[in-house]
Amino acid sequence: MAVKKSDAPIQVTRSSMPPFDEYVEEIRELWESHWLTNSGVKHQKLEKLLREYLQAEYVGLYTNGHMALECALEALQLKGEVITTPYTYASTTHAIVRRGLTPVFCDIDPITLCMDPQKIEPLITEKTCAILPVHVYGIPCDVEAIQKIAEKHHLKVIYDAAHAFGVRLNGRPISQYGDVSMFSFHATKVFHTVEGGGLVFQNKEDFERAEYLKKFGMRSEDDVPVAGLNAKMTEVHAAMGICNMRHIDEEIGKREKAVARYTERLQGTKGLQLFPNIEGLQRNYSYFPVVFHEEFGKNREEVLEELGKNSIFARRYFYPATNEFQWCRENYDGGNTPIAHDIAGKVLCLPLYAGLSQEDVDRICDCILA
């Protein structure tokens, strides 16, 4: 099959932007008020929109997803070991370690690529305080199984939901599961504030603790119970989020069309593993991961090189597994995670964003299948 040649590069992602005039109008009052941070009107408006969209009472905004995750871990007052997955972005594991906790690595399910609940209990010790799974690529974890384990052993559950904004399972927003969920609002996400993050708590006291942790630990000017950090979202970032919330359904719909074309072209190809079918899942189409198994005939690196020759830029995401990072190997037990290691060496996230055309998807698929 001949690959259609084009000089126009296709990037792995491209940030969605609201109409310029819409954003200018949204930030106009900031020029009038000069109030740029510290929970101003835009911050409060975006929080309200998110509470409604996520059907959640306790929603907090943060400067980015990583700082949000660190605040969540500290707000839950955890000490000891946290069972987590090595098949994730660096931030997940780094947040655990930076909060003085010990990561204990659990292998993943080969189909969902999320933490395998059947492998959690053998890792639980008297030092275990929490489970921190990841909804990888917006694929939900087995939340019911994880919750049963957590309740049995009296453990907290913190979900890294960085990829899962807008995802629903059996009609429920994914953030209704666990004790707290962290969302990333980075510029490349389905919903973004240019840079930012959010936490959804189930417990009011945990939420309030995280809220003052992100403000240097200050509940008020003369009430500072802990040494906190600075993780506040600015007004200009919140304004971008307000604009993008108006277009979130349109954004997801455009991504869905690109994913439908990818699936039409690639599904059923021997050796290619695509996004799994999960009953009751309402997707956000945040990523299009493909796992290249030996039966395909070309490995991941060969496909990546061929795409690059045609000005198509995909991403080895996630690679390597975080328990293979140098600092992790030198300081922690990497555990027994052969499936995570195997998938990390075979996965490729193909380009996906709202403006990706059907023709671009065909060009990408032609290159892969050639």
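Predicted model: local features only at pLDDT ≥ 70, side-chain atom pairs only at ≥ 80, totals over all residues.
**Figure 1. The side chain of N64 and the backbone nitrogens of H66 and M67.** A polar atom of the N64 side chain lies 3.1 Å from the backbone nitrogen of H66. For the backbone nitrogen of M67, the distance to a polar atom of the N64 side chain is 2.7 Å.

**Figure 2. Packing of helix α1 against helix α7.** Helix α1 covers residues 20-33 and helix α7 covers residues 235-246; their axes are 9 Å apart and the packing angle is about 140 degrees. Because of this angle, α1 is oblique to α7. The crossing of α1 past α7 is right-handed.

**Figure 3. Residues in the contact of α1 with α7.** From α1, the contact is made by E22, Y23, E26, I27 and L30, and from α7 by E235, V236, A239, M240, I242, C243 and R246. Eight of the residues in this contact are nonpolar and four are charged, with no polar ones.

**Figure 4. The whole protein, for orientation of the close-ups.** The protein has twelve helices and 13 strands. Its C-alpha atoms fill a box of roughly 70 × 55 × 40 Å along the principal axes. The radius of gyration is 21 Å, which agrees with the value near 21 Å for a compact globule with 370 residues.

Terms used
Residues numbered from 1 in each chain as written. Heavy atoms only, no water. Axes fitted to C-alpha atoms, helices over the stretch in contact; angles between N-to-C directions. Helix = DSSP H or I, 4+ residues; strand = E, 2+ residues; numbered from the N terminus. Parallel < 35°, antiparallel > 145°, perpendicular 65-115°, else oblique. Left-handed = near helix turned anticlockwise from the far one by under 90°. Contact = heavy atoms within 4.5 Å. Nonpolar A, V, L, I, M, F, W, Y, C, P; charged D, E, K, R; others polar. Polar contact = N/O pair within 3.5 Å; in protein donor to acceptor, adjacent residues only side chain to side chain. Rg over C-alpha atoms; globule rule 2.2 N^0.38 Å.
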